[in-house]
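Thanks for coming. I will take one structure today and go through a few loops and helix contacts.

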Amino acid sequence: MVFCIFAINKNTISTTKLYIDTFKSKFKDIESISVSDIFSFYKKYNSKVKKTTINWRIYKLVDNGIIQRIGRGKYKLGKQKEFKPLVSEETQSLFLKLTQEFPFLDISIWSTKWIAQWMLHIPNNYETIIEVEKGSEENVFYFLSDIRDNVFLNPSKDILDKYANRNESIVILKNLITDAPLQDIQQVKIPSIEKILVDLIIDAELYAAYQGRDLDSIIENAFQYNTIKKDTLLRYADRRRKKPYIKARIYKKIMNDFT
């Protein structure tokens with residue numbers, strides 16, 4: 001019993017030292033909070049506070065849902081909102097077949113259905129996008145063509161317009177950019193939301209159905225419902241040699257106070 005009382009008191013003291021109400025008031029209108037901003041905030045209460053203590057407090061603030069990470073050393077108020085789409089059984093099955101056939105390849109898969117909910121005009125059908133390492137795409141393409149219809153390798157808009165059966169699910173095979181940001185959902189490797197946004201903007205011809213006002217709506221809703229990591233997004237845009245363009249296209253519209 002004595003131990004339990006001690007544990008509760010210890011947690012209460014720890015939370016008190018975070019000065020959560022004051023912290024929220026201080027940073028309520030700030031979109032990007034740096035580690036140095038947090039350091040300065042806590043130095044007002046203890047001028048000799050150590051960096052290790054600040055790091056621990058940042059961890060506790062994130063863990064308690066007070067702040068969320070938006071980049072390397074950058075935070076904002078609010079709970080972390082992870083991009084966790086529902087991966088269908090069909091997508092899981094297809095990914096499993098690919099990894100069994102090509103166990104040593106980096107493979108990513110996603111469905112445009114995941115972003116359709118954020119559009120103004122809902123498409124009649126969706127595409128499954130599969131990305132594999134450069135140099136392996138032809139072998140993967142032949143394998144997919146044997147088990148699926150409506151499979152296309154790095155297609156242009158004209159090819160899709162001429163040959164794709166729009167009444168069935170379309171599978172598009174692309175090259176996977178080295179060091180592209182990926183994540184695991186339900187044991188399936190999928191692209192991060194940052195990667196999806198960058199690809200939608202750069203590969204405008206391939207994703208023709210997701211451009212214009214629909215693309216604006218996708219970007220706006222992606223930021224509203226997910227924590228978008230700026231560093232991750234811009235790092236991938238740089239890998240695709242479009243960093244200035246992506247930075248202007250997204251952050252000028254969505255986050256004007258980010259530089």
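**Loops first, then helix packing**

Asp 149 sits in the loop that joins α7 to β6. Before I go further, note that this is a predicted model. Is Asp 149 buried or exposed? With a relative accessibility of 58%, Asp 149 counts as exposed, the cut-off being over 50%. Which residues does Asp 149 touch, once neighbours within four places in sequence are set aside? Those contacts are Glu 168 and Ser 169. For a sense of distance, take Asp 149 and Glu 82: they are 67 residues apart in sequence, and their C-alpha atoms are 33 Å apart in space.

Asn 150 belongs to that loop too, between α7 (137-147) and β6 (151-153). Its backbone is worth a look. Most residues other than glycine have a negative phi. Asn 150 is not a glycine, yet its phi is positive, about 65°. Asn 150 is buried, at a relative accessible area of 11%.

Asn 154 lies in the loop between β6 and α8 (157-163). The phi of Asn 154 is positive as well, near 40°, and again the residue is something other than glycine. Here the accessibility is 40%, so Asn 154 counts as partly exposed.

One more loop residue, then helices. Asp 203 is in the loop between α9 and α10. Asp 203 is buried, with 15% relative accessible area, under the 20% cut-off. Leaving out neighbours within four places in sequence, Asp 203 is in contact with Lys 174 and Arg 240.

Helix α9 covers residues 193-202 and helix α10 covers residues 213-225. They pack at an angle of about 165°, with axes 11 Å apart. That makes α9 roughly antiparallel to α10, since the angle is over 145 degrees. The crossing of α9 past α10 is left-handed. Which residues meet there? From α9 they are Ile 193, Leu 197, Leu 200 and Ile 201. From α10 they are Leu 215, Ile 218, Ile 219, Ala 222 and Phe 223. By class, that contact has nine nonpolar residues, no polar ones and no charged ones. As a reminder, an α-helix has 3.6 residues a turn, so residues three or four places apart point the same way.

The next pair is α5, residues 89-101, and α7. Their axes come within 11 Å and cross at roughly 130°. That makes α5 oblique to α7. The crossing of α5 past α7 is right-handed. On the α5 side we have Leu 94, Lys 97, Leu 98 and Glu 101. They meet Val 140, Phe 143, Leu 144 and Ile 147 in α7. The contact of α5 with α7 divides into six nonpolar, no polar and two charged residues.

In α3 the residues involved are Val 35, Ile 38, Phe 39 and Tyr 42. Their partners in α4 are Lys 51, Ile 54, Arg 57, Ile 58 and Leu 61. That contact has seven nonpolar residues, no polar ones and two charged ones.

I will stay with α4 for a moment. Helix α4 runs over residues 51-63, 13 residues in total. From first C-alpha to last, α4 reaches 18 Å, close to the 18 Å expected at 1.5 Å a residue. Which residues of α4 are buried? They are Ile 54, Arg 57, Ile 58, Lys 60, Leu 61 and Val 62. What do these buried residues pack against? The answer is α2 (20-27), α3 (35-43), β2 (67-71) and β3 (74-77). After α4 comes Gly 65, with a positive phi near 75°.

Last, the chain as a whole. The protein chain has twelve helices and nine strands. Its C-alpha trace spans about 70 × 45 × 30 Å along the principal axes. Of the 259 residues in the chain, 44% are buried. Finally, take the contacts between residues at least 6 apart in sequence: 61% of them join residues at least 24 apart.

Terms used. Residues numbered from 1 in each chain as written. Predicted model: local features only at pLDDT ≥ 70, side-chain atom pairs only at ≥ 80, totals over all residues. Heavy atoms only, no water. Helix = DSSP H or I, 4+ residues; strand = E, 2+ residues; numbered from the N terminus. Expected span 1.5 Å × (residues − 1). Buried < 20%, exposed > 50% of the residue type's maximum accessible area, 1.4 Å probe, protein only. Contact = heavy atoms within 4.5 Å. Axes fitted to C-alpha atoms, helices over the stretch in contact; angles between N-to-C directions. Parallel < 35°, antiparallel > 145°, perpendicular 65-115°, else oblique. Left-handed = near helix turned anticlockwise from the far one by under 90°. Nonpolar A, V, L, I, M, F, W, Y, C, P; charged D, E, K, R; others polar.
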